[in-house]
Protein chains: 2
Amino acid sequence: MTDAKAVSEKATPKQMADAIRVLAMDGVEKAKSGHPGMPMGMADVATVLFSKFLKFDASRPDWADRDRFILSAGHGSMLIYALLHLTGYKAATKEELSNFRQWGSKTAGHPEYGHMPGVEVTTGPLGQGLATSVGFALAERHLAAKYGDDLVDHRTWVVAGDGCLMEGVSQEAIALAGRLKLNKLHVLWDDNDITIDGKVALSDATDQKARFKAAGWAVKSVDGHDMKAIKSALAWATKQDKPTLIACKTKIGKGAATMEGSHKTHGAALGAAEIAATRLGLAWDHDPFEMPETILSAWRKVGRRGAKARKAWEARLKDSSQAADFTRAMKGELPEAAFAKLDAKIAELVETKPAQATRQSSGAALDELFAAVPELVGGSADLTGSNNTFVKDTPILDAPTYEGRYINYGIREFGMAAAMNGLALHGGVIPYGGTFMVFSDYSRPAIRLGALMGVRAIHVLTHDSIGLGEDGPTHQPVEHLAALRAIPNLLVFRPADTVEAMEAWKLALQHKDKPSALALSRQKTAAVRTAASSENLTAKGAYELRAANGEAKVTLFATGTEVPLALEAADRLQANNIPTRVVSVPCFELFFQQPKAYQDNVIGRGTVRIAVEAAIQQGWERFIGEDGGFVGMTGFGASAPAEVLYEKFGITVEAVVAAAKARL
Amino acid sequence: MTDAKAVSEKATPKQMADAIRVLAMDGVEKAKSGHPGMPMGMADVATVLFSKFLKFDASRPDWADRDRFILSAGHGSMLIYALLHLTGYKAATKEELSNFRQWGSKTAGHPEYGHMPGVEVTTGPLGQGLATSVGFALAERHLAAKYGDDLVDHRTWVVAGDGCLMEGVSQEAIALAGRLKLNKLHVLWDDNDITIDGKVALSDATDQKARFKAAGWAVKSVDGHDMKAIKSALAWATKQDKPTLIACKTKIGKGAATMEGSHKTHGAALGAAEIAATRLGLAWDHDPFEMPETILSAWRKVGRRGAKARKAWEARLKDSSQAADFTRAMKGELPEAAFAKLDAKIAELVETKPAQATRQSSGAALDELFAAVPELVGGSADLTGSNNTFVKDTPILDAPTYEGRYINYGIREFGMAAAMNGLALHGGVIPYGGTFMVFSDYSRPAIRLGALMGVRAIHVLTHDSIGLGEDGPTHQPVEHLAALRAIPNLLVFRPADTVEAMEAWKLALQHKDKPSALALSRQKTAAVRTAASSENLTAKGAYELRAANGEAKVTLFATGTEVPLALEAADRLQANNIPTRVVSVPCFELFFQQPKAYQDNVIGRGTVRIAVEAAIQQGWERFIGEDGGFVGMTGFGASAPAEVLYEKFGITVEAVVAAAKARL
């Protein structure tokens, strides 16, 4: 062994960090698009975290008890891609890195869950990675309480930037984490004083450390380029009884020859000249994406660091009496008898025909499901009684024991929805959470991200129309059904009665690869599904609830609380010798997945078609065509009792009958 | 004068506050719906504020230099209705109070702007009143710098509850206010330890005072039922050089016989028995809505307190050389020559035919408008360069001078949009603000509230499709056009080129009673309006951009960057002897306001109809019918260069041609 080789065999931590820097700048340069500044700035922190603290095994990205690493500042995606490549994640090949931001690559512009193993959550919309991490950390505490820390004992590490901390959702997240004392949640703040428009001081003068302290966090500052100090700060973090923030003072684009510290490194390729000069400065004499063996092998060793712990954990799991249940729950599979009680209840309901608000129906569904599906964990953004989300006698999920199954999310709709995404992504938990439907505008960014990631989070949205009454237009959704139906990969249910509500709950649980939103009424409504059928008709999305007496001349489509109204209108039309069928439409998305022949059958193009929904028309043309009638809303609601509003806005049996007759 | 009368003539402050309490509980009881707890709890604070500090004249709710009172905790609407009634606002009659929450009354469940004079902003969706108040306070500072404090010198007082402070948008608001040193913004926090679900501690342990301090606020605590202490705290607030928070420790439902301090007083009528007992406890021996003369006259005196100052101000205005301009701007009227330069530029553009991104076109419109419309105040949520919102050499609106016209909003889309509502509501300012279109999900609650109130805020939403490219699906709007078009009273423009962009800006400014959203491309696109016309065709919402050569067999509808693609497809179809017309659709809303005959003409039902838009189909059926074709997106986008994405997702000339041919 020559001296030179002996020296080169010992890659220094600085060289390891520089490997990240170079991959980041080269990846962005190749793509001519991306964000090199953050990965270069946080390379030292990430090197210490991965080589000394993060519990992981690069050969098993799906190890259930791994620490979670969440890049909330998702634009710095080359940081995580570089780390996954260097530590030896099989999917993170050199080719993938050099195909950064290209069609079909796993290295999307922002890290995307499901594309590249090792990416725990899709990030990019700022603040949400942090808010989602609260769900991860909470899932860990909950499952540790449930299965014991032999099986569940890991940390959630988050890299967040100034943008994440300026977004309002960060406050909801840190207040919730602080309240719940999530001491295994660690946020590494890339405190580089830079945003896209320039210095942070242009738009912000917040004392972030004081803010986190006020939210119940332990806080420490560190020089983000002093590896020894970083190591000691991370060690400190693991010993606190609160969530921890480490303010890592860094220079954006650290190492860049002339642009270090400038916002110009944030969101664009550095350019050939700067990159060449930077290579010189870093004494990095290798081609793009080429890694010297010594540095690669040092990183690969880091990637294997957790293998022993992983194997020991697997042995413990094997010996555990809870192994089967734990494994099932983590896979997202439902218990075998998940729906036994629910199905029996549905059979009973078609006999008893209860008239109740569909929010109550949803609560009744939970009553049948909650014991049978132990991974269901509920909550509400401070509207528990109104959302009917609480199952009697459920213990609260809270410090210090965490085995409870109900979360007091506080008045934080967005934070709740993001935390639900995190709970679902972690695995072992199926989250649902309630708020008023109008406030889906607040939680919308997280509902969308959940749909993009394909996670099973169930949004319980009560008070779903002007039927909310006196609270008025600020609280009355009129455009929200359309706006939610517009989100791809989201199932939006508006059940008409208890049977449909229970069917919707069943479907929401059965679709493990997408979120669901349940639109539920405040006001009482009649039972419409009064004929026994073992088929889940809601699964069809739309179905003929009542056939015409004679050859159908009119089809009435309706959802939710407007279905009884459509039935009554059908009675009137039938009484006038106008054969009328009624179609209940609990879920647009599922309907348009049905075979074309079924769709045609249900739609009934030869008939006069009228839809009734206490919301705007947008989207209904697919049922009623251009010439069909729509009885619903055309603008915002008003403050008055519900029945007055229905009358004043013309959502009445008479209006439906008139709309049909006008077209015959 | 008898002794008894002499005594009764001196209404005590306690009696004045009790008047609020009784009106609140009686109003809610009559409606059998509402929120008595907060008005009863904050009655003492409100009494001190109105009788000693708030600058107002009940006879002139529209006095431009009045202090603004903003009830961010809007559910406590009976507080403001009671105050307006007691102080003598003409519209706030006894009848209105006793018609609380009924159809046609001015006393909606939550305070609604435009219904009752004295209500400055619609509140209810929590946190937004506070966030909007930042816009009010900023408008005041800006106009004071512009017109002098002889004309503009008032305060913004906000009552906020725990819910407001838990919402994330509160952080965006207080950080922005702190950074901008809005020292005439005063938040009175109803610190009652109660939320709907119970104690605040169930879901929150935030040290709110420390949090506000961290955001640059001056903070003080006070016993919210000790009027002397309240008075001294409010006096202190007016002397600070920062925005101020006064934590008013109160009991919710203060005065209620047995329910004082309970969350049960929050959101429901107290009931006859409790109300009777409360009357006894307060020694209040009057019928519902009946006010004893002494108390009413004490309150009416409060309502007249500001008359002298108001008259003095009117005299100053009359003498001011700026009177005409100030009055015009406050009325929201545009300068006479507002569009002279813009119109000339449009005439020039049809000759020069520039190919540029429509975000650049929007920037070019601003170049022509910014000097001509001096009340335009812009900004961006940290994407200034990308949004093209900055007009060269514009000074920044910032402490200490505030005369600048560009706001660094920071990474706070929701806070920005809410502040824009406040700037617009205050008057004298026409706000616009930029972000990426995908983040309209973040600002959506404020866009909606702006639409509900009918305020002229202009949302500049760039990077409006998969044309954004490599940043990927987290940053690519696909459902946002549909979701925004779903909001009533919002004008959504997607201009195709610079001419349409300029026309859209003109329309956004001309519609003073509604907000607008401009969807603008990142990528370059060809000019399509190359024929001179003095008519603003965008005002029609949709128009025939190119007639068919021969009797039209095909109509192609398109918006934005897809219009040139439709034109090219039309060329191909024409080359195949298929006469094809092209309709540009810059604004759905305006189109559906046109006369039916015009709509029919443009839609061309006899032709094969195809729409092309790089977004989901929802809503397009009104143009293309059930059998028309749609070339666009069916799900989320992906990370790759824009041109690759258009190809891979099949949004191409070939696809449009094929869709048309398949239907012929």
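A salt bridge is a side-chain nitrogen of Lys or Arg within 4 Å of a carboxyl oxygen of Asp or Glu. Keep that rule at hand, since several stops on this tour use it. The model is predicted.

**Stop 1: a pair within chain B**

Select R60(B) and E314(B). They form a salt bridge, with the closest N and O atoms 3.0 Å apart. R60(B) sits in the loop between helix 3 (37-53) and strand 1 (68-71) of chain B, while E314(B) belongs to helix 13 (residues 307-319) of chain B. The two residues are 254 residues apart, and the pair links distant parts of the chain.

**Stop 2: a pair within chain A**

Move to chain A and select E140(A) and K184(A). Here too there is a salt bridge, and its closest N and O atoms are 2.7 Å apart. E140(A) lies in helix 6 (residues 128-147) of chain A and K184(A) in the loop between helix 8 (168-179) and strand 3 (185-191), so the pair ties together parts that are 44 residues apart in sequence. Both E140(A) and K184(A) are buried. Over all chains, the structure holds 82 salt bridges.

**Stop 3: where the chains meet**

Show both chains together. In this model 97 residues of chain A are in contact with 97 residues of chain B. The size of an interface is often given as the accessible area lost when the parts come together. Between chain A and chain B the buried area is about 7800 Å², and carbon and sulfur atoms give 56% of it. To see which residues of chain A lose the most area to chain B, select W103(A), R448(A) and E626(A); together they make up 11% of what that side buries.

Now look for polar pairs. Across the interface there are 46 residue pairs in polar contact, counting those with both residues at pLDDT 80 or more. On chain A, helix 19 (residues 440-453) gives the most to the side that touches chain B, with eight residues. That side of chain A divides into 43 nonpolar, 29 polar and 25 charged residues.

**Stop 4: salt bridges between chains**

How many salt bridges are there between chain A and chain B? The count is 12. For one of them, select R412(A) and D204(B), whose side chains meet at 2.7 Å, N to O. For another, select D441(A) and R444(B), where the closest N and O atoms are 3.0 Å apart. This pair crosses from helix 19 of chain A to helix 19 (residues 440-453) of chain B. D441(A) and R444(B) are both buried.

Next select K596(A), D600(A), R605(A), R609(A) and E626(B). Salt bridges that share partners join these residues into one network.

**Stop 5: a buried glutamine**

Select Q128(B), in helix 6 (residues 128-147) of chain B. At 1% relative accessibility, Q128(B) counts as buried. Which residues does Q128(B) contact, leaving aside its neighbours within four places in sequence? They are Y442(A), V169(B), F414(B), P445(B), A446(B) and L449(B).

**Last stop: confidence**

Colour chain A by pLDDT. The average for chain A is 97, and 99% of the residues score at least 70. Then select residues 1-8 of chain A, where the pLDDT is below 50; beyond near neighbours in sequence, this stretch has three contacts in the model. Where pLDDT is low, the predicted coordinates should not be read in detail. For the complex, the predictor gives an ipTM of 0.98 and a pTM of 0.98.

Notes. Residues are numbered from 1 along each chain as its sequence is written. Chains are lettered from A and ligands numbered from 1 in the order in which they are written. Side-chain values use heavy atoms; hydrogens and water are left out. Contact means heavy atoms within 4.5 Å. Buried area is the accessible area (1.4 Å probe) that two parts lose on being put together, summed over both. A polar contact is a pair of N or O atoms within 3.5 Å; within protein, one must be able to donate a hydrogen and the other to accept it, and residues adjacent in sequence count only if both atoms are side-chain atoms. Helices (H or I, at least four residues) and strands (E, at least two) are DSSP runs, numbered from the N terminus. Ala, Val, Leu, Ile, Met, Phe, Trp, Tyr, Cys and Pro count as nonpolar, Asp, Glu, Lys and Arg as charged, and the others, Gly among them, as polar. pLDDT is the predictor's confidence in each residue, from 0 to 100. Buried means under 20% relative accessible area, exposed over 50%, partly exposed in between (1.4 Å probe, protein chains only).
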